[in-house]
Amino acid sequence: MSENFIVPRRIYHGIGSFSKLETLQGNRALIVTGKGSMARLGYIEQACVLLGKNGIDTHVFDGVEADPSIETVMRGTEVMASFKPDIIIGLGGCSAIDAAKAMWIFYENPDINFEDIIKPFTIPPLHNKSIFVAIPSTSGTGTEATCVAVITDRNKGTKYPLVSYELCPDIAIVDGALCVSMPPSVTANTGLDALTHALEAYVTPLADSYTDALAERAVKDIFNTLPLAFTEGKNLQFRQTMHDASCLAGMSFTNALLGIVHSLAHQIGGTFGIAHGRANAILLPNVIRYNAKIAYEKYLVLATLLGEETVEQLATRIESLRRDVHVQDSFLEYGINESDWKQKVQQMAENAMNDACTSCNPRKPDINDMVKILNLCFVGEKYTD
């Protein structure tokens, strides 16, 4: 159980909550966003108008790529150092918000290097030069409410989850209307990512009554709503339910942390470029089977919550949900070359052992466990002890 319960000091949620930007107070706001969707949909212009009502000058740093790189973070840091914002706004998908969080670290602490903050809870104090506002346009990572930012080292082919309570945004705006343009594949990937957050947070050693309550609600809402949001993406009710579930799961895992689904998915994503939520979804059922040796009773609570009777039925229910939203059952089916996989699997397993998420997995893995899980998920076979 954690002694702290960390959440943003203010969360605005519901359709239309984007307008709460007009309540911010400050002088200069830097908006960090992706490669154009927020501009095309008019949200950048709306943000500038809303901020301008309070006399706030705005500047936009756009072009953050999927799985943001260290290089992008450093470019954004240079812009911040020049513009000197007292408000930083991450607007868009999780990549934009995570990149903005990382830029924030170096803006407030210009004398540190990326290597200085890889180890969890080594980020120096923030919030001295600026506040951080997170406005997600996808319903997956819950990064608007978490103490995590995932940044990719393209040279090493790995992802680093930067972890610190300092990274929790000051303000989160969770408006499901921003998600209406998400294509079905992104809806599936992000929704399954949120489900993984809730399921992993539920069984870590740091889980408690606070994090469990959030995770349970997120699990129920995602199972009930993700297939509907996948097929009826213009429905604002479904979009808001998924957006809220993602935020609930984010608040749960930022306090209880995660496990080896994420440790392994970080490596697969960094090595083969598979979308993070899709990698999570392929790994999750087998990791549940692996962890059940230690966490059976807690998984059983979630199974019962969904009307199932065993942990195996929980795992197979996830596999059914995965198929309902057109996610592959294996990395081979996804299209990863078998010889490439065999060449990389040992290194991925070794990197996953060193991932920050591994330390909070309920069952402590060794390198052979990691390789076994990876290889079974590559071909789509079930894990058994």
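Begin by selecting N337 and D340: a polar atom of the N337 side chain lies 3.0 Å from the backbone nitrogen of D340. A polar contact here is a pair of N or O atoms within 3.5 Å; within protein, one must be able to donate a hydrogen and the other to accept it, and residues adjacent in sequence count only if both atoms are side-chain atoms. N337 sits in the loop between α11 (331–334) and α12 (338–353). Helices are DSSP runs of H or I with at least four residues, and strands are runs of E with at least two, numbered from the N terminus.

Before moving on, a note on what you are viewing: this is a predicted model, in which local features need pLDDT of at least 70 and side-chain atom pairs count only at pLDDT 80 or more, while totals for chains, interfaces and linings use all residues. Residues are numbered from 1 along each chain as its sequence is written, and side-chain values use heavy atoms, leaving out hydrogens and water.

Is N337 buried or exposed, or something in between? N337 is partly exposed, because its relative accessibility is 39% (buried means under 20% relative accessible area, exposed over 50%, partly exposed in between, with a 1.4 Å probe and protein chains only).

Next, select Y43 in helix α2 (residues 43–52). Y43 has a relative accessible area of 13% and therefore counts as buried. Show its neighbours too: leaving aside residues up to four places away in sequence, Y43 touches F18, M38, L91, A177 and L178, where contact means heavy atoms within 4.5 Å.

Then go to S252, in helix α7. S252 is buried, because its relative accessibility is 0%. Not counting residues up to four places away in sequence, S252 touches A201, T211, L214, A215 and L257.

For the last stop, colour helix α6 (residues 209–231) and helix α7 (residues 236–256): they pack at an angle of about 150 degrees, with axes 8 Å apart. Axes are lines fitted to C-alpha atoms, for helices over the stretch in contact, and angles run from 0 to 180 degrees between N-to-C directions.
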